[in-house]
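Open the model beside the text.

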Amino acid sequence: MLAIEGWFTIEDGLTYLLGTRCATCRTISYPCATGWCGNPHCGGTDLDVVRLSRRGKVWSYTNACYPPPPPFVAAEPYEPVTLAAVELAEEGIIVLGQVAGLTVDDLRVGMDLELTHGPLADGPLVWMWGAAS
C-alpha cells in the first residue's frame with residue numbers, strides 16, 4: 001500500500017515521483033497540479049502526468065531526533081530519521097523526503113541521491129532518497 005496515492009509510483013522495483021507538465025508553458029508541478037497550471041503567469045489547464053527525475057543533488061538535509069506527535073505513528077523504539085531536500089536533476093524543483101540507509105554524517109550539499117522507497121513505521125510505502133548507484 002502506498003502512503004500517498006498519485007504522488008509516486010513503483011514500477012519494476014524503481015520508484016518514480018509523479019508530477020504534472022503544463023501543455024501551454026511546460027511548467028512542472030509536484031505534487032500533481034489539478035485544474036490549472038501552477039505557474040501564476042499561465043492560464044493553461046491541459047496538464048499531463050509525467051514521471052520526474054529519479055536523481056538529484058542534495059540541497060539541504062537534517063535529522064528528526066524526536067518522534068512525530070499523534071496522529072503520526074513512530075517506530076518503537078524511535079530512531080532518528082534523516083531528511084533531505086533534493087533538487088531534481090532535470091526539473092530543477094526541490095523535493096523533501098526521508099533518506100534510506102544514510103545519516104546526516106554521510107550527506108553533503110551537492111551530493112547525488114537517487115529515489116527509492118521504504119515503509120513508514122505503520123507500514124505504508126513512501127518514496128525515499130538513497131545513495132546514487
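Buried means under 20% relative accessible area, exposed means over 50%, and partly exposed lies in between, with a 1.4 Å probe and protein chains only. Thr15 counts as buried because its relative accessibility is 0%. This is a predicted model, where local features need pLDDT of at least 70, side-chain atom pairs count only at pLDDT 80 or more, and totals for chains, interfaces and linings use all residues. Residues are numbered from 1 along each chain as its sequence is written, and side-chain values use heavy atoms, with hydrogens and water left out.

Where does Thr15 lie? Its place is strand β2, residues 14–22. Strands (E, at least two residues) and helices (H or I, at least four) are DSSP runs, numbered from the N terminus. Contact means heavy atoms within 4.5 Å. Leaving out residues up to four places away in sequence, Thr15 touches Phe8, Thr9, Ile10, Arg54, Leu115, Thr116, His117 and Trp127.

Now the strands. Two strands pair if DSSP finds at least two bridges between them. Strands of a sheet pair through backbone hydrogen bonds, either parallel or antiparallel. Here five strands form a closed barrel in the order β5-β6-β7-β9-β8, with mixed pairing. From one strand to the next, the twist averages 45°. Such angles run from 0 to 180 degrees between N-to-C directions, and the axes are lines fitted to C-alpha atoms, for helices over the stretch in contact.

Follow β9, residues 125–131. Five of its seven residues are buried, which leaves β9 mostly covered. Strand β7 (residues 94–99) runs parallel to β9, joined by two bridges. Strand β8 (residues 112–119) is antiparallel to β9, over seven bridges. Met128 of β9 has Gln98 opposite, and Thr116 also stands opposite Met128. The β8 and β9 hairpin has five residues between its strands, and there Gly123 takes a positive phi near 110°. Strand β5 (residues 55–64) pairs with β8 in the antiparallel sense over three bridges. Arg55 stands opposite Glu114 of β8.

The largest has 18 residues, and Leu17, Leu52, Val95, Leu113, Trp127 and Trp129 touch the most other members. Strands β6 (81–88), β7, β8 and β9 each supply at least two residues of this core. The most come from β6, with three. Apart from this core lies another of five residues, including Cys22, Ala33, Cys42 and Leu47.

Last, the cysteines. A disulfide is a pair of cysteine sulfur atoms within 2.5 Å. By that rule there are zero disulfides. Cys25 is in none; its nearest cysteine sulfur, that of Cys37, is 3.6 Å away. Cys25 counts as partly exposed, because its relative accessibility is 29%.

Key:
A nonpolar core is a set of buried Ala, Val, Leu, Ile, Met, Phe, Trp, Tyr and Cys residues joined through side-chain atoms within 4.5 Å.
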